[in-house]
Amino acid sequence: MVYDVHSYNHRRDGEDDPGADVADNPEVNLGTGTVDEHWRPVVEAFTRSLEDQEVAGHRLDVRENVKFEGRALAWFVHERYPDTGVCLALEFKKTFMDEWTGEPDRERIGQLAQALGQCLRYGDGLARGMALAGGVQRAESAPGKGESFPEPEAEEPFAPPAQPASESARTAS
């Protein structure tokens with residue numbers, strides 16, 4: 001899963017503009033224009049998880065394809081990895097800064113970062129969505145709510161590649 005994160009301006013009419021109409025400007029625009037329908041469970045789980053987050057005293061307004069649908073990175077991922085990769089294009093409305101002065105609202109940035117991080121911690125919903133889409137493992141073996149994926153099997157410890165003979169000789173001298 002790839003998150004392509006951007007932001008967009010909503011106070012285009014000047015420094016004193018309170019902001020564009022909320023109906024056409026969600027706090028988070030989720031661009032899914034090139035997402036194949038088999039990834040719908042992932043999109044829905046992610047949307048629900050992000051909508052459940054509270055920022056600045058209210059739940060986030062998350063809507064699909066209102067401002068943007070996702071572009072180059074999403075096309076690249078979906079074209080090259082149609083069965084195993086999904087890219088969600090996230091466009092955050094610039095409520096986290098003053099668009100005209102560039103002054104950041106560090107508290108709001110922290111809240112948005114925490115909201116996105118919390119979304120990632122809701123792994124059961126996203127993992128179940130990935131499983132239903134076929135991107136993690138088959139749906140019938142996906143964990144249910146409150147369950148987790150089994151621990152991975154032990155792997156051989158990582159060993160760096162052997163140095164070429166000329167490199168070994170140089171290191172020894």
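Phe46 counts as buried, at 0% relative accessibility, where buried means under 20% relative accessible area, exposed over 50%, and partly exposed in between (1.4 Å probe, protein chains only). The structure is a predicted model, in which local features need pLDDT of at least 70 and side-chain atom pairs count only at pLDDT 80 or more, whereas totals for chains, interfaces and linings use all residues. Residues are numbered from 1 along each chain as its sequence is written, and side-chain values use heavy atoms, with hydrogens and water left out.

A search of the whole structure for aromatic pairs finds 2 of them; rings of Phe, Tyr and Trp (its six-membered ring) pair if their centres lie within 6.5 Å, and planes under 30 degrees apart count as stacked, over 60 as edge-to-face and the rest as tilted. Phe46 forms a tilted pair with Tyr3, at 5.3 Å centre to centre and with 35° between the planes. This pair links distant parts of the chain, since Tyr3 lies in strand β1 (residues 2-8) and Phe46 in helix α1 (residues 40-51), 43 residues apart; helices (H or I, at least four residues) and strands (E, at least two) are DSSP runs, numbered from the N terminus. Tyr3, at 24% relative accessibility, counts as partly exposed.

Tyr8 and Phe68 form an edge-to-face pair, with 5.8 Å centre to centre and 65° between the planes. Because Tyr8 lies in strand β1 and Phe68 in the loop between β5 (62-64) and α2 (72-80), the pair ties together parts that are 60 residues apart in sequence. Tyr8 is buried, with a relative accessible area of 2%, while Phe68 is partly exposed at 32%.

The search also finds 5 salt bridges in the whole structure, a salt bridge being a side-chain nitrogen of Lys or Arg within 4 Å of a carboxyl oxygen of Asp or Glu. In one of them, Asp98 is joined to Arg11, with the closest N and O atoms 3.5 Å apart. The two residues belong to distant parts of the chain, with Asp98 in the loop between β6 (87-93) and α3 (106-121) and Arg11 in the loop between β1 and β2 (28-31), 87 residues apart. Arg11 is buried, with a relative accessible area of 11%, whereas Asp98 is partly exposed at 24%.

A salt bridge of 3.1 Å, N to O, joins the side chains of Asp52 and Arg59, of which Asp52 is partly exposed at 43% relative accessibility and Arg59 is exposed at 52%. Asp61 and Arg63 likewise meet through their side chains, at 2.8 Å from N to O; Asp61 is partly exposed at 22%, as is Arg63 at 25%.
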